[in-house]
Amino acid sequence: MTNNKNLKLKYTKNNVKDTISAYLFLSPAIITFVLFVAGPVVLTVCYLCFTKYNIITPTEFVGLDNFIKLFDYPVTGTIFKNTLKYVVVLVPLHVIIGLLLAIGVSKEVSGRLKYFFRTAIYFPSVVTTASVAIAWTYLYNKDFGVINYFLNRLGADSIPWLISTKWSIPAIAIFSIWKFVGTPFLYYLIGIQNIPDSFYEAATIDGANKLQTFFKITIPLLSPTIFFVITTTFIGAMQIFEEPFLLTNGGPGDSSRTIALFIYEKAFKSYQMGYASAIAVILFIIILLLTLIQFSLQKKWVNYDYE
Amino acid sequence: MKLKKILISILVLAVVLAFAGCGGSSGNRPDKDDKVSSENTDSNNKNEPVTIKLAIMGEGQNKENTQKILDKFNQENPDIKAEVQYVPVTSGSGWNDFFTKIKTMVAGGNPPDLAFVAIEGIQMFVNLGLAVPLDEYFDKNPEQLKEAKDDIHPKLQAPFIVNGKTYALVCEWNNVVLHMNTKLLEDAGLELPPQDWDKDMFLDYCSKLTKTEGGQKQYAVAVPAYYFGFSSWLFNNNASVLNEDMTKCTLNQPNSVEMFQFWQDMVNKYEYAAMPEPGVDDIQRLVDGQIAMGSWGRWPTLTYINNDFKDAAVQYLPKFKSKNVIYGSGGFCVINGTKHPYEAMKTAVWTAGEYFVKNYYSAGSIPCRKSVAEEVIPKLGIPENHELYYKSADYAKPVESPPAYAEIANVFDRYLSAVLTNEMSAQEAMDKATEEIDNVLEQSPIK
Amino acid sequence: MSLFSYKKNKKKSDAWVKIAMFLVAAFMLLPFCWIISTSLRLPKESFSLPPSFFPTSFHIENYKRVFTELPFFNFIFNSIKITIVVTVGQSIVTSLAAYAFSRIKFKGRNVLFIIMLSGIMIPYQSTIIPKFLFVKALGIMDTHLALILPALIHPLGIFLVRQFMLTIPKSYDEAAYIDGATRFRIYWNILLPMSIPSIIVVSIMSFIMMWNDFMNPLIFISTYEKMTLPLGLTVLKGYMGTGSVSAILAGVSISLITPLLIYIFGQKYLMQGSALSGIKG
C-alpha cells in the first residue's frame with residue numbers, strides 16, 4: 001500500500017517536473033508563436049478591426065464602422081471578384097496541369113531526361129518571385145516584348161498583357177502557373193512514384209483499359225495529394241499578393257487588384273490600420289470557412305485507405 | 001537526481017537565452033554601432049560633429065556627387081556632418097511612396113533629420129506633425145531669411161508657409177512643358193511649334209509624328225500618366241482635380257472629363273499616344289526615338305546627360321480652353337523627432353543657399369534662386385528653348401496639394417489608368433473617382 | 001490516350017508525351033535563357049528583336065555596373081546573413097519544440113500541439129498588422145531583427161521534425177534516461193543528431209522561403225543599405241529604366257545563383273520535404 005502510494009506520488013512529481021521541462025524546451029517556440037502568430041491573430045480579430053488607428057495618433061474604438069465602410073466602398077465588390085477570379089483560374093490549373101506534368105514525367109524512361117524535365121518544371125518554384133517577375137514585365141511588354149514577338153510571328157496581334165483590364169489577370173495567371181506549378185507537380189510526382197505497380201498489374205489482369213485504370217486507380221490513390229494541392233493552392237490564391245504587386249500593382253484601373261493588395265495599401269500606404277484589419281478579418285473568415293468546407297467534403301472523395 | 005533536473009532546466013534556459021541573445025546581437029550589430037556612434041557625438045564628445053541625415057528620394061545614382069556638395073557645408077560647419085540618405089521607392093509614381101516611407105521611418109522611431117518634401121506633400125507633413133517649422137532658427141538668424149527671400153520667387157516659396165510658419169525654404173521647382181525629340185520632328189518635316197500653339201496644331205503634329213517602321217511603332221506622345229503631369233493638361237482646359245479651397249473633387253466636371261476623354265482618344269482612337277507600361281521609362285523612350293514628345297519638368301535633363309542626348313527641345317503645352325503653366329516646388333523640411341533640431345534647421349536653410357542649389361540642380365529640377373537659374377540653365381544648354389524654365393514663374397499656378405495628397409493621388413492614378421485602357425468611359429470613371437475622392441476628403445483624419 | 005496508360009516500366013516512352021514534355025521544359029526554361037543572354041547584351045540592344053535565348057555577346061559591364069552603382073553587395077550580404085541566422089535559429093527552436101512534443105508527456109501537450117499546428121493555416125494578412133505594431137514597439141523597425149525574430153517560429157517545421165522524432169525508437173533515449181542522463185543531454189546527444197535528416201529538410205525549406213521573402217522586407221525595411229536582394233532588385237527596376245534592361249537583368253541573374261545551388265545540392269531533401277508535407281499534411 002505505502003509503496004504504491006509512493007510510486008504514485010513519485011509519478012505525479014515527475015509529471016510536474018516533466019511539464020516544467022517540456023515548457024522550458026518549448027519556451028522559444030511558445031514565445032515566438034505568441035508574439036508573431038497567435039497574438040497577432042487575436043489582436044486583429046478581437047481588437048484592431050474595431051478601431052481607427054493611423055499609427056501616429058492613439059487608437060480609437062469605432063465599433064463596426066470599418067466593416068460598414070468596407071461594405072459601402074464602391075470598389076470592394078471588384079476587389080473580391082478579382083480575388084475570386086484568381087482562385088477560379090489558378091486552383092484548377094495548378095491541380096490539373098501539375099497532375100498532367102507529373103504523369104508525363106513519370107512516363108519518361110530515361111533517367112537523365114526524367115531529371116531534366118523534373119528540374120525544368122520545378123526550378124521556377126525555388127527562384128525569387130520578385131526577380132523573375134521583373135523579367136516577365138519585359139517579356140509581357142506590348143511593343144517590344146518577346147511574347148508578343150512570337151504571337152506576331154504566328155500571325156496573331158500583339159496583346160496588351162499588363163496594360164489592359166481584360167488581360168491583366170490572365171497575364172498574372174500565366175506567370176503564376178509558370179512560377180508555381182512545380183510545387184504541386186512535385187507532390188504528384190512523389191505520390192505517383194509511391195503507387196505500387198501491383199495495383200496496375202491487378203487492374204490489367206481484370207481487363208481494365210488505360211482510362212479506367214487512370215480514373216479507378218491513379219486518381220483515388222492520389223486523392224490525398226490532390227486534396228492537399230487543392231487546399232494549399234486555394235489558400236495561396238486567396239492571398240495572392242506578390243504577383244499582382246510586382247507585375248501590375250493592381251492595375252490598370254482596379255482590374256487586377258486583390259484583397260491582399262488592398263490590405264497592404266490600406267495598412268502600409270494610407271496607414272488605416274483598423275480598416276485594413278477589418279478587411280484581413282473578412283479574408284481570414286472566408287479562407288477558414290471554405291477550408292473547413294473542403295475538409296468536410298474530403299471524406300466523400302479522398303481515399304486514405306492505401307496509405 | 002533532483003538537482004540534476006533543476007540543472008538541466010537552468011541549462012535549457014541558458015541555451016535559450018544565449019541563443020536569443022546571440023541572435024539578437026548578430027542581427028543588430030551594424031545598426032547598433034550606428035546608433036551608438038551618433039548618440040555618443042551628442043552627449044559625450046562635444047568636439048565630434050553631429051550627424052544630420054538628409055532623406056532624398058532616389059536610388060543613389062548620384063550619391064558621391066551629392067555628398068561632395070554636402071561636404072562643402074561640413075567644412076564650413078565643423079560641428080555638423082551632413083549625410084545624404086537615399087530612400088528608394090518600390091512602387092507607384094514617385095512622391096506618394098516616398099512620403100509614406102518617411103512616415104514609416106518616423107513612426108518606427110528612426111526618422112531622418114531632414115527630408116525633401118515636394119509641394120504635394122507639405123500640407124500632409126504639416127497636418128500630421130511630421131515637419132518642424134524653421135521660425136525658431138530665423139528668429140536667431142533673420143538676415144538669412146531676408147537674403148533668401150530676396151532671391152527666391154515668393155510664389156514658389158508660398159506653399160511652404162503654412163499658418164504663418166515657414167516649414168522649408170524651397171530649393172527647386174519644376175514646370176511641366178512638352179519635351180520633343182528634335183530629330184524626329186525633323187524627320188517628319190516639322191519645326192519647334194510656336195509658344196501659342198493650340199489643340200488642332202498639336203493633333204496635326206501628333207498625326208505626323210506617329211508611324212510604324214520595320215515593325216517598330218513610333219508614338220507621337222507619351223501619356224502624362226502621373227498626378228503632376230496630368231494636372232498640367234487639366235489646367236489648360238480650365239479644369240482641376242479639386243475646387244479652390246480643396247474641399248471637393250471636381251474631376252467629373254465637363255472640362256475635366258473632356259481632357260480625360262482627349263487622352264483616352266489619343267491612346268485608343270487616334271493611337272498617337274503610348275500607353276504607359278510597367279518598368280518602362282518614357283523619357284528613355286524619347287531618347288531612344290520611340291516616342292516624339294512627352295510632358296515633364298526639367299528632370300529629363302538627367303537622362304539626357306546620361307545618354308549624351310542633345311536633340312531635345314521644349315515648348316509650353318498647347319492651348320486648349322485656356323493656357324496655363326503649372327509648377328511644383330520643393331525643399332528640405334526638418335523632421336519631427338530629430339535629435340539635433342537646431343543643426344538640422346541650419347542644414348535645411350543651407351540647402352536653399354546658392355552653393356547647394358547651383359551645384360545640385362545644375363541638371364534636374366530648376367534652381368529656386370533666380371540668379372542661379374539664369375546662370376545654370378543656359379550653361380547646361382539642353383534642351384533647346386530652355387528659357388521657358390525660368391521665365392514662367394510669374395504666371396505659373398501651383399499643383400494642387402491637399403493634406404490627403406497620398407490617398408487622392410492613388411485614386412487619381414487608378415481611374416486615369418482605367419480611362420486609358422478604354423474600359424470605362426471618361427464620364428463614368430470620373431464620376432467614380434469624384435465619389436471616392438470626396439469620400440477621402442470627408443473621412444480623412446487630416447484636414 | 002497514352003497519357004493515361006499506367007505501365008511505369010514500359011520499354012519505350014510515347015513519342016508525343018516526350019514532345020509535349022520538351023515543349024513544357026522549353027516554356028519553363030526559355031525565360032531564364034532570355035534573362036541571361038539579355039543580361040550580357042549592350043543595354044541599347046536589350047530589346048532588339050528577334051529575341052535571342054543564347055548569348056550573342058558578352059558584355060559583362062552590366063554586372064560591374066550593378067555592383068558599382070548600387071549597394072548590391074549589401075543586398076547580397078544582407079540576404080545571406082538573414083537567411084543563415086533564421087535557418088539556424090529556426091532549427092534550434094523547431095527541434096527543441098519537436099523534442100518536447102514527441103518525447104515528454106505533459107499537461108496540455110495535445111492542445112498546444114493542435115494550436116501550433118493551426119498556425120500553418122493562418123493567412124499572412126491577418127497577422128501582418130499587429131506584427132508591424134510589435135516590431136515597432138520592440139524598437140526594431142528597419143533593422144534585420146524585424147525580419148529575423150518573426151521568422152523563428154515555423155509550425156510546419158515543428159510538425160515535420162516531431163513526426164520524424166516519433167519514428168526514432170524510444171529504446172534509444174529510454175536507456176539513457178535510466179542511466180541518469182538529463183533531458184537536455186538526451187536531446188543534444190541522441191535525438192538531435194538522429195533527426196538531422198528532417199532538420200535539413202526543414203532548413204532547406206526555410207532557407208528558400210527566407211531567401212525569396214519579399215513582403216516582410218517591403219514592410220519592415222526602408223533604408224537602402226539594409227534591403228535584401230528581392231527588395232533591392234525591385235528598386236533597381238525603378239532606377240535603371242528601359243535604357244538599362246540589361247543591367248537590371250544582370251542583377252536578376254545574380255539573384256538566381258543561390259536558388260540554383262540550393263536546388264542542385266538540396267534536391268534530395270527538397271523531394272523529401274515535399275513528400276512529408278505534401279502527403280501527410
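Predicted model: local features only at pLDDT ≥ 70, side-chain atom pairs only at ≥ 80, totals over all residues.
Me: Buried means a relative accessible area under 20%. With that cut-off, which residues of helix 12 of chain A are buried?

Reply: Helix 12 of chain A spans residues 259–268 and is mostly covered, with 10 of its 10 residues buried. The buried set consists of I259(A), A260(A), L261(A), F262(A), I263(A), Y264(A), E265(A), K266(A), A267(A) and F268(A). Note that E265(A) and K266(A) are on that list.

Me: How many strands does chain C have?

Reply: Chain C has 0 strands and 13 helices. Read from the N terminus, its elements run α-α-α-α-α-α-α-α-α-α-α-α-α. Chain C has 281 residues, and 63% of them count as buried. Sequence separation is another thing to read. Among contacts in chain C with a separation of 6 or more, 69% are between residues 24 or more positions apart.

Me: How is the size of an interface usually given?

Reply: It is often stated as the accessible area lost when the parts come together. For chain A and chain C, the buried area is about 9,400 Å², and carbon and sulfur atoms give 78% of it. On the chain A side, F25(A), F36(A) and Y138(A) lose the most area to chain C, together 9% of what that side buries. As a residue count, 98 residues of chain A are in contact with 100 residues of chain C.

Me: How many salt bridges does the rule find across the interface of chain A and chain C?

Reply: The rule finds 2 salt bridges across that interface. A salt bridge is assigned when a side-chain nitrogen of Lys or Arg is within 4 Å of a carboxyl oxygen of Asp or Glu. E108(A) and K18(C) meet in a salt bridge, at 3.6 Å from N to O.

Me: Which strands pair with strand 14 of chain B, and in which sense?

Reply: Pairing is read from the bridges between two strands, together with their direction. Strand 3 (residues 114–118) runs antiparallel to strand 14 and is joined to it by 5 bridges; here F116(B) stands opposite F332(B). Strand 7 (residues 170–175) is also antiparallel to strand 14, over 5 bridges, with N174(B) opposite G328(B). Strand 4 (residues 131–132) is joined to strand 14 by 2 bridges, antiparallel as well, and V132(B) stands opposite V334(B). Strand 16 (residues 397–398) pairs with strand 14 in the parallel sense over 2 bridges, with Y327(B) opposite P398(B).

Me: Which residue lies over the face of F235(B)?

Reply: For a charge over a ring, read the distance from the ring centre together with the angle to the ring normal. K397(B) lies over the face of F235(B), at 4.6 Å from the ring centre. In chain B, K72(B) also lies over the face of Y355(B), at 5.1 Å from the ring centre.

Me: How many aromatic pairs does the structure hold, and why is the pair of Y187(C) and W188(C) tilted?

Reply: Over all chains there are 78 aromatic pairs. The rings of Y187(C) and W188(C) are 6.4 Å apart, centre to centre, with 50° between the planes. Planes under 30 degrees apart count as stacked and those over 60 as edge-to-face, so the rest are tilted.

Me: Is Y187(C) buried or exposed?

Reply: Y187(C) has a relative accessible area of 2%, so Y187(C) is buried. W188(C) has 49% relative accessibility and therefore counts as partly exposed.

Conventions:
Residues numbered from 1 in each chain as written. Chains lettered and ligands numbered in written order. Heavy atoms only, no water. Buried < 20%, exposed > 50% of the residue type's maximum accessible area, 1.4 Å probe, protein only. Helix = DSSP H or I, 4+ residues; strand = E, 2+ residues; numbered from the N terminus. Phe/Tyr/Trp six-rings, centres within 6.5 Å; stacked < 30°, edge-to-face > 60°. Lys NZ or Arg CZ within 6 Å of the ring centre and 35° of its normal. Contact = heavy atoms within 4.5 Å. Buried area = accessible area lost by both parts, 1.4 Å probe.
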